[in-house]
Amino acid sequence: MHFGLTNAPTIFMDLMNRIFRTYLDRFVVVFIDDILIYSRDESEHAKHLRIVLQTLDFWEGIRVDPSKISAIINWKPPRNVSEVKSFLVLVGYY
């Protein structure tokens, strides 16, 4: 999102709410510049994540870089607060 745009977070949120209208409040929430995905268990989360990534890939101009996804998937599970913070910085950046 370009920092010089006025109302960019609002526009992004509106676009994402339109794109994910079918899934909103079922397993997707859009908040400012984040797309939050929630699930009951890990296998259900994998399905939800796949749906979200495929939906984003469908829209022209929104591309998901597989190398960045693999970096997050291969990240070791955090064991302490410092590692949780590092992981959140990583996923926030990508």
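**Figure 1. Accessible surface and overall make-up of the predicted model.** The protein has an accessible surface of about 7,700 Å², computed by the Shrake-Rupley method with a 1.4 Å probe, with only the protein chains shown counting as cover for residues. Carbon and sulfur atoms hold 58% of this surface. Of the 94 residues, 13% are buried (under 20% relative accessible area; exposed is over 50%, partly exposed in between; 1.4 Å probe, protein chains only). The protein contains 4 helices and 2 strands, in the order α-β-β-α-α-α from the N terminus. These elements are DSSP runs numbered from the N terminus, helices being H or I with at least four residues and strands E with at least two. Among contacts with a separation of 6 or more, 21% join residues 24 or more positions apart (contact: heavy atoms within 4.5 Å).

This is a predicted model, in which local features need pLDDT of at least 70, side-chain atom pairs count only at pLDDT 80 or more, and totals for chains, interfaces and linings use all residues. Residues are numbered from 1 along each chain as its sequence is written, and side-chain values use heavy atoms, with hydrogens and water left out.

**Figure 2. Confidence along the chain.** Mean pLDDT, the predictor's confidence in each residue from 0 to 100, is 84 for the protein, and 88% of its residues reach 70 or more. Strand β1 (residues 28-31) has the highest mean, 92, and α3 the lowest, 78.

Figure 3. Helix α2 spans residues 42-58 and includes His48. His48 is buried because its relative accessibility is 10%. The side chain of His48 lies 3.4 Å from the backbone oxygen of Tyr38. Beyond neighbours within four places in sequence, His48 contacts Phe27, Ile37, Tyr38 and Ser39.

**Figure 4. The aromatic pair Tyr23 and Phe27.** The protein has 2 aromatic pairs, counted for rings of Phe, Tyr and Trp (its six-membered ring) with centres within 6.5 Å; planes under 30 degrees apart are stacked, over 60 edge-to-face and the rest tilted. Tyr23 and Phe27 form a tilted pair, at 5.1 Å centre to centre and 40 degrees between the planes. Tyr23 is partly exposed at 21% relative accessibility, whereas Phe27 is buried at 3%.

**Figure 5. The aromatic pair Trp75 and Phe87.** This pair is also tilted, with 6.1 Å centre to centre and 55 degrees between the planes. Trp75 sits in the loop between α3 (66-73) and α4 (81-93) and Phe87 in helix α4, so the pair ties together parts 12 residues apart in sequence. Trp75 is partly exposed at 35% relative accessibility, and Phe87 is partly exposed at 24%.

How values were computed: A polar contact is a pair of N or O atoms within 3.5 Å; within protein, one must be able to donate a hydrogen and the other to accept it, and residues adjacent in sequence count only if both atoms are side-chain atoms.
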